[in-house]
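Please open the structure and keep the selection tool at hand.

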Number of protein chains: 2
Amino acid sequence: MSVSELVNGVLSGKRRELARLISLIENEDPEAAEVLSRLYKNTGKAHVIGITGPPGSGKSSLVTKLTAELRKRNKTIGVVCVDPSSPFTGGALLGDRIRMQEHTLDKDVYVRSMGTRGHLGGLARATSDAVRAIDAFGKDIIFVETVGAGQAEVEIIEIAQTIIVTDVPGSGDDIQAIKAGIMEIADIFVVNKKDLPGADRKVTEINAMLDIDPIERAWRPPVLLTNGRTGEGVLEVIEKIQAHLQFLKESGLLEQKGLQRSRDELHDLMRYKLTRELYQKLEGRPEYEAAIKKIAARKEDPYTVAERLIAEFLFSESR
Amino acid sequence: MSVSELVNGVLSGKRRELARLISLIENEDPEAAEVLSRLYKNTGKAHVIGITGPPGSGKSSLVTKLTAELRKRNKTIGVVCVDPSSPFTGGALLGDRIRMQEHTLDKDVYVRSMGTRGHLGGLARATSDAVRAIDAFGKDIIFVETVGAGQAEVEIIEIAQTIIVTDVPGSGDDIQAIKAGIMEIADIFVVNKKDLPGADRKVTEINAMLDIDPIERAWRPPVLLTNGRTGEGVLEVIEKIQAHLQFLKESGLLEQKGLQRSRDELHDLMRYKLTRELYQKLEGRPEYEAAIKKIAARKEDPYTVAERLIAEFLFSESR
């Protein structure tokens, strides 16, 4: 498919073209950037909602229930599931995606899993681009769901405008969520499995942590109870999602987040392009290979060599 | 302290200078690179051993017991504890370091915790440099211990020559270790808490997974049982650590790993330096700030702007 076919396909709502574009994104194909560059002006309309939390805290079932409810309101939905914990098996372990099956025949729901092929930075970059593609495709609400809840997930989820952090009563390792630094990024807390003992206590605990939190907040994250099986509490989650978006708009934070996002992305793209350029210019050159051998033999140090190579190959040479 | 004072201090075994250097490394102070550049030729002597595994699998107690045993053999020890899961609280949650207290009065043991201040890439870079500083300081064996066992930890631990993966019987989420992709990087498996029921079964499971593993291995990772409390099994771990180092040397893999490490590090340093240069050249410039606003307003796309800025600011301009 040509760049134009992909651009037109995505803009006219063709799933095959969207799937193809996301595959190009995953494979870091340069064509993906061309397509995304042309789609860019058609983006920025979707409400991107990140969902993170420890494994087993009901992220997938929450997304499924939210999707069902939002479909009743005629909202179109995109879901991107990200598993940064698995460098080798990729998306293969995302078997719980099977729960989204009730929506697979609905053309207004688009679900895509993404695993790690390369390093973490690559996954965050790819996720951000995939969300953008689905945004251009025209979905109203895009969920970005992570498998775990570590630093890697935090970096990925930060592209969202609204972040939901899930937890379950008696998850044993109560400190887990706090440790992962996800307390600080939550806009809405959802304690799932409200039929389990300890659910109310969990809500109290999270509220207590928010009370002692030194961060000054214009938006106090609500702590909600849901039941992923029955769907109880899901309506309230949707209310709070809408209220949060409203808050972002009225407070000017939505615009501010958009600017920060653009700044981060520009940086990220420049770093990415420069790094690739570096690879292409240096890999395989005899001077480069010789320098590596000298470093390994402790005859030169990598800090000095890095300075020299940057000066020699990237700046002095004509491009 | 001047660069020379730090270099001489570290080389003559002064703990205060080493601590100061590692703080500079953590703060990404440019002076750190100068010091490390001058220390580099004095490195490459330590055996770096990575220890990773799920939380609660006894990594810290294993390191403590190994340290005690290796001290009896007059080996000097460095320990770097890394917690990539916490972007905000940094090293503060590494309270379990308290277990190493039995060694705090031993001047031949140096322990240091590192948390995430910035992004993950920064932590891997800082950990690698801290290990190098301790290497130059003269420690024979350096343990790099991670708090969790995700992709982030894998990236950090890859600087080690020998990697130990810990697990416990009945850790519930048996798939966790496999998921994290740490099966593939293990040189030695240690099933801790051998007094717990299910320890033998766990050993069998790991061995079974190794049997079906499609990777061709010259070194079959042994699966050992230990008791972190009593120290049972620790001698065997030490034997296997030594056997693995021997294997690396005889097979030529040690040299090969050293070359790969130098290659990766050179890349990493170049990328890091370029990124910093980019920040310094662009941040705050009116054209740059205007471009960010246009991107946020969808009047320009970040892909095209990134290309243009790289060409304009980094290449055409005189440095």
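**First stop: the sheet of chain A**

In this predicted model, select the strands of chain A: seven of them form an open sheet with parallel pairing, in the order β3-β2-β4-β1-β5-β6-β7. The edges are taken by β3 (109-115) and β7 (223-225) of chain A; each has a single partner strand, so one side of each is left without a neighbour in the sheet. On average, neighbouring strands of this sheet are turned by 20° against each other, direction ignored.

Next, select residues 47-52 and 162-167 of chain A, which are strands β1 and β5; they pair in the parallel sense over four bridges. Within this pair, A:Ile51 has A:Ile164 in β5(A) as its bridge partner.

**Second stop: chain A as a whole**

Colouring by domain gives domain 1 (1-42), domain 2 (44-251) and domain 3 (263-318) of chain A. Between domain 1 and domain 3 of chain A, the C-alpha centres lie 31 Å apart.

How much of chain A counts as buried? Of its 319 residues, 55% do. The accessible surface of chain A comes to about 13,600 Å², and 51% of this area belongs to carbon and sulfur atoms. Among contacts in chain A between residues at least 6 apart in sequence, 76% join residues at least 24 apart.

Select A:His267, which is placed in helix α10 (residues 253-282) of chain A. Is A:His267 buried or exposed? A:His267 counts as buried, because its relative accessibility is 8% and the cut-off for a buried residue is under 20%. Leaving out residues up to four places away in sequence, A:His267 touches B:Tyr279, B:Glu283 and B:Tyr288.

Move to chain B, where seven strands form an open sheet in the order β3-β2-β4-β1-β5-β6-β7, with parallel pairing. Its edge strands are β3 (109-115) and β7 (223-225) of chain B, each pairing on one side only. Neighbouring strands of this sheet are turned by 20° against each other on average, direction ignored.

Select β5(B) and inspect its cover: six of its six residues are buried. In a regular strand the side chains alternate between the two faces of the sheet. Both faces of β5(B) are covered, with B:Thr162, B:Ile164 and B:Thr166 buried on one side and B:Ile163, B:Val165 and B:Asp167 buried on the other.

β1(B) and β5(B) pair in the parallel sense over four bridges, and B:Ile49 stands opposite B:Thr162 in β5(B). β5(B) and β6(B) also pair in the parallel sense over four bridges; here B:Asp167 has B:Val191 in β6(B) as its bridge partner. Continue to strand β6 (residues 188-191) of chain B and β7(B), which pair in the parallel sense over three bridges. In that pair, B:Val190 stands opposite B:Leu224 in β7(B).

Select helix α8 (residues 199-212) of chain B, which lies across β5 (162-167), β6 and β7 of chain B and runs at about 170° to β7(B). Then select helix α9 (residues 234-251) of chain B, which lies across β1 (47-52), β5, β6 and β7 of chain B and runs at about 145° to β5(B).

Zoom in on B:Ala199, placed in helix α8 of chain B. B:Ala199 is buried, with a relative accessible area of 4%. Which residues are in contact with B:Ala199, leaving aside its neighbours within four places in sequence? They are B:Pro169, B:Val191, B:Lys193, B:Lys194 and B:Leu225. B:Ala199 and B:Leu225 are 26 residues apart along the chain, and their C-alpha atoms are separated by 7.6 Å.

**Last stop: two cysteines**

Finally, select A:Cys81, which is buried with a relative accessible area of 1%, and B:Cys81, which is buried with a relative accessible area of 1%. A search of the whole structure finds zero disulfides over all chains.

Key:
Residues numbered from 1 in each chain as written. Chains lettered and ligands numbered in written order. Predicted model: local features only at pLDDT ≥ 70, side-chain atom pairs only at ≥ 80, totals over all residues. Heavy atoms only, no water. Domains from an automatic or database assignment. Pairing = 2+ DSSP bridges. Helix = DSSP H or I, 4+ residues; strand = E, 2+ residues; numbered from the N terminus. Axes fitted to C-alpha atoms, helices over the stretch in contact; angles between N-to-C directions. Contact = heavy atoms within 4.5 Å. Buried < 20%, exposed > 50% of the residue type's maximum accessible area, 1.4 Å probe, protein only. Areas by Shrake-Rupley, 256 points an atom, 1.4 Å probe, with all protein chains shown as cover. Disulfide = S-S within 2.5 Å.
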